[in-house]
Every structure is written in structure tokens, then in C-alpha cells.
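Here is a briefing on a two-chain model. Look over the sequence and the fold, then read the points below.

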Amino acid sequence: MAGNVELTVNGRPVRVAVAHDEVPLLEVLRNGLRLTGTRFGCGLEQCGCCIVLIDGKPEKSCARPIATVAGRQVTTIEGLGTPQAPHPLQQAFLDEQAGQCGYCLSGILLSAKALLDRNPSPSRAEIARALDDNLCRCGAHNRIIRAVERAAARLRGEPRA
Amino acid sequence: MTLSGVLADNPRLDRWVSFAESGKVAISTGRVELGQGVLTAMAQIAAEELDVALHRIAIRSGDTELTPNEGYTAGSQSMQAGGVALRQACADVRALLLAYAAGKLGCAPAELTVRDGRILRGGAPTGHDYWSLAAAVSLAADATGSAARKPASQYAIVGRNAARLDLPGKVFGQPVFIHDMTLDGMAHARVVRQPNRGATLLSIDEAALRRAAREPIAFVRDGNFLAIVGDSEAAVEAAAAAAADRVVWQGVERPRALQQEASWLIQRPSIDRTVGAPQPAATRGLQIYEATYSRPHLAHASIGPSCAVALYRDGHLTVWTHCQGVYPLRAALARMLGLEPSAIAVRHVQGPGCYGHNGADDAAADAAVIALRTPGRPVRVRWRRQEEFAHEPVGPAMAVKLRAALDAAGHPLDWTAEIWSGTHQGRPGGGANLLAAEALPNPPPLAQPVDVPDAAGGGAVRNAEPLYDIAAKRVVHHLVPDVPRRTSALRGLGAMPNIFALECFIDELAERAGKDPVDYRLAQLSDPRARRVVERAAAMADWQRREPPGAGRAKGIGFAQYKNRAAYAAVVVELEVEESVRLLHAWCAADAGLVINPDAVKNQLEGGIIQSASWVLKEQVRFDNDAGGPLDWESYPVLRFSEIPEIDVELLDAATDVPLGVGEATAGPTAGAIGNAVARALGSRIRDLPLTRERIMAALLAQ
């Protein structure tokens, strides 16, 4: 059914007009709200490019019906930080030059955010496990893991992190 | 002084450098950003040669209206060819402007220096800078190549880490990808792909597709080309998903399971040639050793599907694409559409990493075909994930049979590599058809497949000739024209299967001779740069401390100089094998000649190691399922974060100002190193990739 759905995106309440309840959240973000930082990878919930936080948990948005996020809090890469005020994860990814083509990074940054929110001192293996739902095809994995370690240290307030 | 290839093709200096905006230097390059950091390296080269701060450089890239024609961004050629050309163009521009300034100042050009674009004489300001001089000096002149380039010993920007210019946009989720590009009034489109050349469209259940779309859609059909177009991307996507059951084709052919392995190629008709030493008169009395290795078809498997935007207005077509070569694509589009190339502009926009010829060119052709039928309205086409897996060209399967005649010490005196492969050159710039052209009425004839010329490094024969000191070496090349899937360039082309085969074979020969694999290699490797990377990688990996054969844990080594003329790389891998392979650590020593941006080079070498490990352990385009090929990441698994080894990369200093391409340098050595480590860990050799659990179990059972 065509109608409006209300949700909170990056801290801001929004009301979006959708053609029907099954329209994927990713479609609403990218075309409805012009938040194109969340990338389309497969549409099959397999690659993790489209991961956003829904009420703080990392969730794939490419096949997620919009109706199921009504009234909920969605955080996208645009809500993480900006060039003027980067999130420590974003700064760490730049410090480590963690990425090549960068198409996977939005989803990875949000998976990493969810990890650090629940575990401020993850081991390398715990970081890797937390990112296993995110594919990276260029082979930037080790840089990405180092960047998450660096961000974790900075968020813990460790000097020189 | 003669101009280098790329500069000779594009000699006009104003095609490379412009000072039109005060305080900025606009640099043009025909090379495109594929996530490898090439534009940052180009900016470093220009800033260094012109003596301006890096932040003053603004890069234009891959645009038929604005930038030089450098063909394809491929083959690890960007620095070795494009970077060297840009460096000379900048040196010529600098010399031209300094000569003019010297004339005005009544001094010799040699008395002048440049600091961040300002002209100094005896270290004091002259009141001139590039921007004031450029107003008086035309750069609409041809490069001469005569200006002296800055000696590498004076470099302050080249050779130091520079943060990648393209990375912030990606880390902050900015609309940097073509998928994010939106034009006013833009329509969205999906193509219902012709399953194969010659398949004909029988019927379309339009009503069912409209129901699936749930919002208005339109159909664009011409012959066997069918596209779904609409205002809503969700609607065209839903309709395209439904098309699998609602659009009926005749003459559908699918690859068959029996064609799946590279061994299938060996008995097929082929175009044959032999390069290298003549066949030996006699190898009588010598021991002969022979083994056959294979690699299957591989997908580029870009993380995002291909996409393009096109607009046809007032008789002029503009196409935005993430392809690797805007000029070759423009020529192919002109052929397909019957337009003059001058009526088409092709502009590069970043896309997901491609690692070779994926669906990008074909998506651009789709967008162009639709745009011509919706004049005045821009259209964005995005392929579906399933479409990318099913219709992108794949890296060809290869079978490699190696045969060596050995001397009394067990070293090869005579070496033959016999190769069976489909072509590695399926690019539209090489004469192949764009997919849309196959579906439109009167499809052009199929070009006879040819492989990449040897002068360009070869396709199937790339790195087939070992760098080792062997008296007589030859390559027998069987180009198999009729293969089950369209094949084309995948990162490294034949280098990965050839180096996998030859580095495994070298280990097998070392074992026969009772020699340590590193010692055995060094005993027949006289190139000092090659020796250095092998020795360094072995030292980094503490090579002497290894488990005995068959212990389930092992180190293995692989080495190559990519194309026997780009970067040198040696890789040692340590791994464990139980039922499957677990990678523990990889060490890499590389000599890339003059390095522009060391951290970006390391990123490329690391990425090559990981991608190759994924190919070797997991990847195969299998035909033995209902669809006749993979359609998603479950049917085409790749390495995940938990499966990645720790990696150490060292770049060795090289006293040279010649850069050696690195993008494809580690793929082959990594494949060899993993093959050798698995063989040592198991105590038996697996010669067919990928090294899956099934193959390991079979090898263990055979013991």
C-alpha cells in the first residue's frame, strides 16, 4: 500500500512517501533521501555493502522492507561523521589508508561501529569475525583491521592512538 | 631525444597541463582511478616535476573531451608508461615557462629555480610565477622531450607517502561512485539480458512485469535488446527480477558441466604457435620431467555491479562509465550506434574495483542504446548482481603443461611450457562486440579471437617464460577460440596460472634434486634484482625454520618478475592444512624500481596477495549448477576477513628512476607460494586450482 513511513535517520525524524510497504530501506535511503553513502552491492543480503545500524545493530538494508523500520533509529555512513568532524573510525581509516576502491567501506565502517559500541577492546580475531558479513574484494582487509584497532584505542582514550 | 609512446601519441602540452585557475595546476591523465591510487601518484609526479605543492594539483582523468588518449588503464602500465609520459610533459612545460621568464629577466634559464610555482633567481623572488607566465606563453605546443627531468636524488614528493586523494570521499560516504550519480529528470533502467548470442526473444509477459513493478514502467525493445525503464529504481529492479520467469527466450545455450575444468580445453581445436628456442635436436641421455597444472575460469566479481549513465541530446551522446578505457569504448560505441566518434563523449566516473574487463563497458553500451531511444532524458542503468556474475567476461581457464630436460645436478637445460587457453583479450577496444550489439538487430559478426600481443606482455603466454637461467626455453601456445563463456582480461592475465605452474614445477624439481627450494632457485637466478627479493622474502619469513614435509603446517615460496619486465616480487606463505587450508602469514619482498607513493604500492601488493589467495583457495566459475554458472556470493565464495593471513610487505630500495608496475606483481608468486606450502604440508602435490577441501581430502585419501 502506498503511504508514508516515519523513522529516524541519523538522529533526524523523517517521513518518507513510499509506493508500498516492501520497498527496501536501501532504496528509500539512496533515492528517497539521497543518502547515497550506503552502497548497493548485491540486493541479496550477502555482501554487506548496504549495512546500516538499526537501533544500533548492524543490518543489511538492501532487502529490508521499509515498513519494518517504521519508528526505528537508522544510522548511515552520513551519520557517522563528516570531513570536518570525522568519527574516530573514519579518521583511523584515513590514517591507515584502509581501502582501495572503497565501495565496501560504508558497510564496514558501520559494522565496526557496532562492534566497538559493544566491545571497546576487540582482538584482531574478534574484529575479523565482526566483519565476516562484509566482503572486500580489493584485499584491504589487514589495513581495515588495523584501522579498527587504532580507532578502538583512540576511543579508549589511549595516547598516540 | 625521442618522446615516449604515450607522449608521442599525445604530444600537445596543453592536453597534460594547464594553469588556467590561479594558484592551481590542472593535470590531465588518460589513466583512471580504479581504487589503486593512480591519480594520487600522478599528482605527486606532476607536483615534483613542476616544483609546486601537492595540494595545488587538480587532476582530470579519463575524459574523451579533456584528457590524453592512453588506451586502457591496465597491465600495471600506469606508472611505467603514463607516469613517465606525464613527468616528461611537466618537465617540458617547466622548461618552456622558465625559458620565457629568463628572456624577460635577461638571464640564463639555469639561473632560475621554482618554489611552489614562484620563479626565483639566486633564491630571490622575481615577481613571476607559473600563472603570470602562462598568460603569455602558449602551451598549445608539442612536447619535445628535450627538457631535463629532475634527478631522482632531488625528489621531495615522489617516493614519500601521500594520502590517497580519492579515499576521503569513500570513508565519508560521499557520492563518488557512478551508482550515486543523478541528473535532472533521470530515468532508471534495467536490461533483460539476451542469454547468449543468437538467442531470440519470444515473448514478454508485460502485464506480469508491470504488476511486479507496482509503479509505472516502460519497455524499450529493439530486436533482442530489452530494457525496463522508469522513474522509480525500485520498480525497474522489481520488474527485472520478475523477468527471469516472464520473458521467454529461444535458442538458449548454457555452459555444460563437462566444460568446467581447464582440462576440457586440451582436446579442443586451437590456433597454435611456438615462441622461443627451437625444439631441441636431442635431449637423449637427459632426464625428462613433466607435469600439468590448471586454473579454472575466474570471475572478476567486483563488489558492486556495473553501472552507467547516458544522455543523448541534440545529436550528441554523453556516456559516464567506470570502464578502463574511455577512448576505446567511444570507438566501440560509435561502431555499434552508427555515430561519429566526435558525436560521443565518454567520461570516467569511479566504480567498484574491477581487476580487469568486467561488465562496465557493456553497461555503458546498454545506457547508450537506451538513451538514444529516450532523447533528452538521461538514463542510469545498473546491472543486477546475478547479471554481473552471469554476463561479465570471465578470466579464462588455463591448462599449463611443463616439461624440463635436466642436467646431472637436476637443473633444467631445456624448458617447454605448453598452454591451452581462451583469449585474455575480449575488450571492445580489441574488436570484440559489446553485449548490447549482439542483441540489437543485425548483430555484427564475431571477430576471430586474438590474444594480447606479446609486445604488450602477451595474454595466455604472459610469464610463461621463466626468468631462471635455462639454456633453451620455449612456449607452445594453443589459443582455443570456442570456449563455453566469453573470456577477457583478469588481473595479471596468464601470469597467475603460468607462475603458479612454473613456481610449483620448480619446487618439484628442487625436491627431486634434494635441494632446498630457495637454494635451488638462487642457483639458477642470475638477475641480481631477482635474487635480492627471493633472499629478502626468505629472510623475512625465517625460511630456515620450517616444519618437515607432511607435518600439516608449512611454508612455501613463489617468485616472479611480472611480465619479466615490471616489478619483482617474492612471496613466502605459511599455512596449516587439515581438511582445508588456513593461511597464517605471508611475507613479501618487492622491487618496484622508482616508487612514487610507497604506501599505495604496498596496498597494491597486499591486495594482490589477498585476491590471489582467494582465487587459489576458493574461486571457480562452476558450470555444474542449474544456471550454468554462479549468480551470487554463495555460488561464488571469496575469502572473508577471518580467513586473511597477516601480511608483511617490504619494498627494496632501487637505485633507478624507472618505475616498475606493481598492480599485478604479487598474484602469481602468491599462487605459487600457496601451492608449494600446501604440497609440503600435505606431503603430496595438488596441481589443479582451486585448492578446495574436496581436492585436499582426495589427496589425503590417495596417500
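The model is predicted.

**Chain A: overall build**

- Chain A holds 5 helices and 5 strands.
- The radius of gyration of chain A is 16 Å, close to the 15 Å that the globule rule gives for 161 residues, so chain A is as compact as a globular protein of that length.
- Along the principal axes, the C-alpha atoms of chain A fill a box of roughly 50 × 30 × 25 Å.

**Chain A: two domains**

- Chain A splits into domain 1 (3-79) and domain 2 (88-155).
- The C-alpha centres of these two domains of chain A are 21 Å apart.
- Their contact draws 15 residues from domain 1 of chain A and 13 residues from domain 2 of chain A.
- On the domain 1 side, strand E3 (51-54) and strand E4 (57-60) of chain A are the elements that give two or more residues.
- E3(A) gives the most to that side, with 3 residues.
- The domain 1 side of this contact in chain A has 8 nonpolar, 5 polar and 2 charged residues.

- The axes of H2(A) and H3(A) come within 10 Å and cross at roughly 125°.
- The crossing of H2(A) and H3(A) is right-handed.
- H2(A) brings A:Leu89, A:Gln90 and A:Phe93 to the contact, and H3(A) brings A:Leu105, A:Leu109, A:Ala112 and A:Lys113.
- By class, this contact of H2(A) with H3(A) has 5 nonpolar, 1 polar and 1 charged residues.
- A:Gln97 sits in the loop between H2 and H3 of chain A.
- A:Gln97 has a positive phi of about 50°, although it is not a glycine.

**Where chain A meets chain B**

- The contact between the chains takes 45 residues from chain A and 47 residues from chain B.
- Five helices of chain A each supply at least two residues to the side that touches chain B: H1 (25-32), H2 (88-95), H3 (105-118), H4 (124-130) and H5 (141-155).
- That side of chain A divides into 21 nonpolar, 17 polar and 7 charged residues.

**Chain B: three domains**

- Chain B is divided into domain 1 (5-151), domain 2 (187-252 + 301-391) and domain 3 (398-424 + 459-701).
- The C-alpha centres of domain 1 and domain 2 of chain B lie 38 Å apart.
- In chain B, 14 residues of domain 1 are in contact with 13 residues of domain 2.
- The domain 1 side of that contact in chain B has 4 nonpolar, 7 polar and 3 charged residues.

- Helix H2 (residues 38-50) and helix H3 (residues 78-105) of chain B pack at about 30°, with their axes 9 Å apart.
- H2(B) is therefore roughly parallel to H3(B), since angles under 35 degrees count as such.
- H2(B) and H3(B) make a right-handed crossing.
- Residues of H2(B) in the contact include B:Val38, B:Ala41, B:Met42 and B:Ile45, and those of H3(B) include B:Leu86, B:Arg87, B:Cys90 and B:Arg94.
- The contact of H2(B) with H3(B) has 10 nonpolar, 2 polar and 3 charged residues.

- Helix H6 (residues 206-213) and helix H7 (residues 233-246) of chain B pack at about 140°, with axes 7 Å apart.
- That makes H6(B) oblique to H7(B).
- H6(B) passes H7(B) in a right-handed crossing.
- H6(B) contributes B:Ala208, B:Leu209, B:Ala212 and B:Ala213, while residues from H7(B) include B:Ala235, B:Val236, B:Ala239 and B:Arg246.
- By class, the H6(B) contact with H7(B) has 10 nonpolar, no polar and 1 charged residues.

**Chain B: a cis peptide bond**

- The peptide bond from B:Leu689 to B:Pro690 is cis, with omega near 0°.
- B:Pro690 lies in the loop between helix H16 (667-682) and helix H17 (693-701) of chain B.

Definitions and conventions: Residues are numbered from 1 along each chain as its sequence is written. Chains are lettered from A and ligands numbered from 1 in the order in which they are written. This is a predicted model: local features need pLDDT of at least 70, side-chain atom pairs count only at pLDDT 80 or more; totals for chains, interfaces and linings use all residues. Two residues are in contact if their C-beta atoms, placed from the backbone, lie within 7 Å. Helices (H or I, at least four residues) and strands (E, at least two) are DSSP runs, numbered from the N terminus. Ala, Val, Leu, Ile, Met, Phe, Trp, Tyr, Cys and Pro count as nonpolar, Asp, Glu, Lys and Arg as charged, and the others, Gly among them, as polar. Domain bounds come from an automatic or database domain assignment. Axes are lines fitted to C-alpha atoms, for helices over the stretch in contact, and angles run from 0 to 180 degrees between N-to-C directions. Angles under 35 degrees count as roughly parallel, over 145 as roughly antiparallel, 65 to 115 as roughly perpendicular and the rest as oblique. A crossing is left-handed if the near helix is turned anticlockwise from the far one by less than a right angle, and right-handed if clockwise. The radius of gyration is taken over C-alpha atoms; the globule rule is 2.2 Å times the number of residues to the power 0.38.
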